[in-house]
Amino acid sequence: MSTNDSGWGLESLPPGLPDPEVLARLAAGFFGALPGAREVAEGLAAGAPLAPEPASAPRPPSVPGGAGAADAPASPGFSFLREARPIFGGAEATPKPGIAAPPPIPSPAAAPIQPAAGEGPPTPSVPSALGTAESAIPGFSLLEEARPLFSYPPSAPGPVPAFEPADARPEFAALNQGPRAFDVETIRRDFPILRERVAGRPLVWLDNGATTQKPQSVIDRIGYFYAHENSNVHRAAHELAARATDAYESAREKVRRFLNAAAPREIVFVRGATEGINLVAQSWGRQNIGKDDEIVISWLEHHANIVPWQMLCSETGARLRVAPVDDSGQIVIEEYERLLGPRTRLVSVTQVSNALGTVTPAREMAAAAHRYGAKVLVDGAQAVSHMRVDVQSLDCDFYVFSGHKLFAPTGIGVVYGKSPILDTTRPWQGGGNMIQDVTFEKTIYNTAPARFEAGTGSLGDAVGLGAAIDYLNRVGMENVARREIELLHYATAALETVPGLRIIGTAREKVGVLSFILEGVRTEEVGDYLNRECIAVRAGHHCAQPIHRRFGIESTVRASLALYNTCEEIDALVAALQRLQVARRHRNS
Ligand SMILES: Cc1ncc(COP(=O)(O)O)c(C=O)c1O
């Protein structure tokens, strides 16, 4: 019998599938056709261990990407087999009759998997982005020697200030040594897209503020839902409806625990943070905010937390008041408190600024707002992936976030609302699911959360969100937060070595968001140059124009970090920016 570490073997495939040996032969033929996969194909034909996935959960043979098949030496399927890892985890994985229950995933922190010797994409040899003469620059020798993955040939002549990479600097040494509590290489292997190559080079994903990448367990969980559980929820008597409802409601319970909400009925599924804020504005807002009432926000807000309130103000005659920020990008709490008064109905504030990374004093702000009887909405879109959130400790009345910024799919998000508020708030959309009884004369609405979930929700995506929360629980939010702060310090120090670079947003309380401008280069040019170096950042106003204008600028370049980012990636960013500056000076001289 051929079994792998977790005890799954070819013999234990679910009933109804072809003979294991036939499967192995077919797989061997398939994988053998992939470039460089001969030895795996041979292993399979000889009955080598098969990765313990539910056999009917489909796995795409290759992931489409800009690089094309020729640029992808190892397809996701290939490396997945080689890693031989279980794919599912999740509390809701109750075995169903006749289908393989998703087996649990070992915690990446508890059971680190070391990279196989020689694994990882080869050092690319690509013409420099600027296409100018290449020469050895002394300042880069350390980077090049220590970082085979990112040792790009310098693309411009001239002196470059050296930045020592992490393992050469004692204060950051721990970052790359991968303490057992957080082995970043193990984490990275959970995210297949991080093995993607763009134009033949390894992808450096530093655009996590826009969206995060998805671990294999989330991708597989969604596939499992559609392969084994798909049905509409709550509405039918059949088995699949029960499975889908279990999976969907189990995701709600996971979100409840993740936010430390008091009850699942306080968790409403929506499309994302934007829809969540609009829901509160159009339901609770219309019901409770009138002429001359005041809504307080801050200069840090994303447009999603400005425009819905402006719309409500123009409908109702209410006023929008804006709490200022200081030069570091932190809200000036005394000024904020001065804005509060008997007319304040709502404070709506971000917990983390998407443009600057500032962690606001949301708890303190909520307490001050409550002293005036105002309600508080906290926009957690940029907070949830970086820190543990506790809505009861924040004592906010509403909390919103988007799944896609939390390693979950797009199309799913959450509004948390305190039960007494949700239960007395009128729904904003009418339709199926949100009713208890309908006649032509009158409709009786359902209780929360159903009353805010009219129509069919994004069921598979909600289940994917539950899987993303499972994943983060296995890693541990405290580990994530600690790691990211260390990486933030490392990145800040590294970026400060780039001539003419100014970081915008230097608050003491910050998450891993590094927005900057580069003297003499437009932000789009920087973004474009970095893109050609296969480094994904965001360049622009990041849907937060007011806070940029507060700093006298229209846009920044933003590198935003997540748990899977490494010092090597920061080094690659810094090296590219240094090359860009050298090239610019060379051009101008
Ligand atoms: C702070 C903040 N709030 C709200 C949003 C809106 O999120 P979504 O576009 O997922 O609805 C974002 C998106 O970047 C954000 O950063």
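This passage describes the overall make-up of a predicted model and then a selection of its local features.

Because the model is predicted, local features were considered only at a pLDDT of at least 70 and side-chain atom pairs only at pLDDT 80 or more, whereas totals for chains, interfaces and linings use all residues. Residues are numbered from 1 along each chain as its sequence is written.

The chain contains 19 helices and 17 strands; these elements are DSSP runs numbered from the N terminus, with helices (H or I) of at least four residues and strands (E) of at least two. Of its 589 residues, 49% count as buried. A residue is termed buried if 20 or more other C-beta atoms lie within 10 Å of its own, exposed if 12 or fewer do, and partly exposed in between, with C-beta atoms placed from the backbone. Among the contacts in the chain with a separation of 6 or more, 69% join residues 24 or more positions apart, a contact being a pair of residues whose C-beta atoms, placed from the backbone, lie within 7 Å.

Confidence was expressed as pLDDT, the predictor's confidence in each residue on a scale from 0 to 100. The mean pLDDT of the chain is 77, and 69% of the residues reach 70 or more. Over residues 1–173 the pLDDT is below 50, although this stretch has 260 contacts in the model beyond near neighbours in sequence. The pLDDT is also below 50 over residues 175–180, a stretch with 13 such contacts.

Several loops carry particular backbone features. N260, in the loop between α8 (239–259) and β4 (267–270), is not a glycine, yet its phi is positive, at about 55°. With 14 other C-beta atoms within 10 Å, N260 is partly exposed. A positive phi, of about 70°, is likewise found at D292, also not a glycine, in the loop between α9 (273–288) and β5 (294–298). D292 is exposed, since 10 other C-beta atoms lie within 10 Å.

Helix α7 (residues 216–229) packs against α15, their axes coming within 8 Å and crossing at roughly 145°. Axes are lines fitted to C-alpha atoms, for helices over the stretch in contact, and angles run from 0 to 180 degrees between N-to-C directions. On the α7 side, S217, V218, R221, I222, F225 and Y226 take part in the contact, meeting G460, V463, G464, A467, A468 and Y471 in α15. These residues divide into 8 nonpolar, 3 polar and 1 charged, where Ala, Val, Leu, Ile, Met, Phe, Trp, Tyr, Cys and Pro count as nonpolar, Asp, Glu, Lys and Arg as charged, and the others, Gly among them, as polar.

A491 counts as buried because 25 C-beta neighbours lie inside 10 Å. Apart from residues up to four places away in sequence, A491 touches L514, L561 and I570. A491 and L573 are 82 residues apart in sequence, and their C-alpha atoms are 9.3 Å apart in space.

Around the ligand there are 13 residues, of which G272, T274, N354, A381 and S402 come nearest; a residue is near a molecule if its C-beta atom, placed from the backbone, lies within 6 Å of it. The shell comprises 4 nonpolar, 8 polar and 1 charged residues.

Note on methods: Contact = placed C-beta atoms within 7 Å.
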